[in-house]
Amino acid sequence: MFEPALTGFSYSFTDDGFYETTTPDCPTGIIQWQHGKYYKASNGSLILNPFAVDGRQLMSDRCTYENAVYTRYHQQEIFKHYEVLSNPYDKAQRLNLYGWDGAPMNPMYLAYKPPQMLPTQTLNPTSAAATGTQPSGTSQSKRDLPGDEDGLVQEALNRKALLKQRHSTNADRLWWLGVSMTALGGVGYFCF
């Protein structure tokens with residue numbers, strides 16, 4: 001597992017009840033990844049049950065360890081309630097999750113439909129695996145690829161994204177365009 005270029009947390013859900021989560025937690029640099037099944041409880045709660053053998057945690061603490069520590073991770077998650085709504089500003093589909101205690105989490109916006117997830121079965125079947133499913137041929141997929149300093153792989157992964165990053169306007173070009181248009185207007189004023 002490689003440390004991502006950007007921080008943040010993410011949940012992906014399929015219509016048939018599977019989920020995947022990634023949660024980096026800053027001060028100590030913890031990234032947790034797990035996937036499994038989710039279900040909606042009768043009281044409106046959302047309960048996420050991970051595949052126990054697949055969860056991973058990467059802890060990067062340069063003050064304590066020279067290298068990041070990579071371990072297995074397994075933690076059930078319960079959300080007291082959730083909302084799926086349209087963001088009033090840009091009309092993007094938004095997911096609001098509320099923790100087990102009702103505390104709101106940061107809102108998340110739909111980026112891919114359908115979600116881009118690893119296979120919806122255990123990736124590391126062992127005799128202790130509760131699901132008993134076999135891995136598929138795509139289970140060796142990587143989320144981040146080393147040697148992609150120029151961002152070509154990231155560009156390819158984002159081509160289907162619903163929300164695109166907006167590129168800012170180059171202020172120098174805009175200034176020179178203004179100077180050129182002013183000069184052209186001045187020439188036109190004196191000539192005509």
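The questions and answers below go through a predicted model, from the whole chain to single residues.

In this predicted model, local features need pLDDT of at least 70, side-chain atom pairs count only at pLDDT 80 or more, and totals for chains, interfaces and linings use all residues. Residues are numbered from 1 along each chain as its sequence is written, and side-chain values use heavy atoms, with hydrogens and water left out.

Me: How many helices and strands are in the chain?
Reply: Helices (H or I, at least four residues) and strands (E, at least two) are DSSP runs, numbered from the N terminus. From that end the elements run β-β-β-β-β-β-β-β-β-β-α-α. The count is 2 helices and 10 strands.

Me: Which residue in strand 10 stands opposite Arg94?
Reply: Strand 9 (residues 93-98) pairs with strand 10 in the antiparallel sense, over 2 bridges. Opposite Arg94 stands Tyr109.

Me: Is Glu77 buried or exposed?
Reply: Glu77 lies in strand 7 (residues 77-79). Buried means under 20% relative accessible area, exposed over 50%, and partly exposed in between (1.4 Å probe, protein chains only). Glu77 has 19% relative accessibility, so it counts as buried.

Me: With which side chain does the side chain of Glu77 make a polar contact?
Reply: Contact means heavy atoms within 4.5 Å. Leaving aside neighbours within four places in sequence, Glu77 is in contact with residues including Thr21, Gln34 and Leu46. A polar contact is a pair of N or O atoms within 3.5 Å; within protein, one must be able to donate a hydrogen and the other to accept it, and residues adjacent in sequence count only if both atoms are side-chain atoms. At 2.6 Å, the partner is Tyr11.

Me: How far apart in space are Leu58 and Trp33, C-alpha to C-alpha?
Reply: Leu58 sits in strand 5 (residues 56-59). Leu58 is buried, with a relative accessible area of 6%. In sequence, Leu58 and Trp33 are 25 residues apart. Their C-alpha to C-alpha distance is 8.6 Å.

Me: Why does Met181 count as exposed?
Reply: Met181 lies in helix 2 (residues 171-191). Met181 counts as exposed because its relative accessibility is 52%.

Definitions and conventions: Pairing = 2+ DSSP bridges.
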